Amino acid sequence: MGKIVLSPSQPFDLDLTLCCGQTFRWDRIGGWWYGIVADQPFKVRQKGNTLEFENVDSGFLEKYFGLGDNLPFILKQIAKDKHVEKAVKGLKGLRILRQNPWECLISYICATYKNISAIKQMLSNLSQKFGEKRVFENMVFYTFPTPQKLAKANLQELASCGLGYRAKYVMETAKKVAKGEFALEELKAKLFEEAREILLALPGVGPKVADCVLLFSLERLEAFPVDVWIKRIITKYYANHFEGEFVRRISLKKSLTKAEYEKLSFFGRKYFGSFAGYAQEYLFHYERLKAGKAKPRSSFFP
């Protein structure tokens, strides 16, 4: 069994990090978290300031869980007001993952207008149908399907995984990546706006999907995805940063226009700065916990 002893000055909370809605293919079984990243199934658990794990190396875990992020510095930078201060205090140790960009891209194309349990089911179906089988501790895992595999799938096969209208986007995006028209990893080296524009040119990728992929897999911690929860948070706590008419208009709507989305996302990046993505995730998860839409632990709230 491998172990990582965490520095007390760099908090990490495994449960929070895996439960806050940024990733969809983890399961907790008997005190351990089981997942498969790239083609490697493994398990991990936290005991105080120690991470215990099997079937993966410590370097991989440190990168995947963002343990290199200077969290106290980041949280200090984003604690701009009492609302985000409460979230930071309640959720200390939540970190932004470094997911596989291809899996993250397809996950968030599938996530459009779906809740977390439905997204999990779609991705599980896709992996079972098109991924490769791996066995670890007598449990079966499936790798996430490659772009080449999904590019060869037909619409009916993809739709049978519960993708609905998203099947077309997944197939078309897979074809572009499989043909080498698009290199996801290269986006890490590009300027934020340029990387975002390139993602937006892909089928099924709107501003929110692009921002999620930038934040959760491409290490662009300034990305500020806006979903229904973040819209609510902004209209509730940050309305004074916008014209009253704009706030009234978006409060009444279920979905945002591209211009409305960009206005809210730009506000997040400008207000919270280069770690806006951390502010987004802390506010998002804290608000969901308060509303009873995520599983709390007794230590979350005073």
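Let's start with confidence. The protein chain has an average pLDDT of 94, and 97% of the residues score at least 70. pLDDT is the predictor's confidence in each residue, from 0 to 100. This is a predicted model, where local features need pLDDT of at least 70, side-chain atom pairs count only at pLDDT 80 or more, and totals for chains, interfaces and linings use all residues. Residues are numbered from 1 along each chain as its sequence is written, and side-chain values use heavy atoms, with hydrogens and water left out.

One stretch to treat separately: residues 297–302. There pLDDT stays under 50. The model has 10 contacts (heavy atoms within 4.5 Å) for this stretch beyond four places in sequence.

Now the cysteines. How many disulfides does a search of the whole structure find? It finds 0. A disulfide here is a pair of cysteine sulfur atoms within 2.5 Å. Take C20: the nearest cysteine sulfur, that of C19, is 8.0 Å away. C20 is buried (under 20% relative accessible area; exposed is over 50%, partly exposed in between, with a 1.4 Å probe and protein chains only), at 0%. For C212, the closest cysteine sulfur is in C104, 7.2 Å off, so that is too far for a bond. C212 is buried too, at 4%.

Next, the interior. A nonpolar core is a set of buried Ala, Val, Leu, Ile, Met, Phe, Trp, Tyr and Cys residues joined through side-chain atoms within 4.5 Å. The largest has 83 residues, and L126, L158 and L199 touch the most other members. Another core lies apart from it, with 18 residues, including F12 and L61.

Last, look at L126. Beyond four places in sequence, its contacts include I106, P145 and L158.
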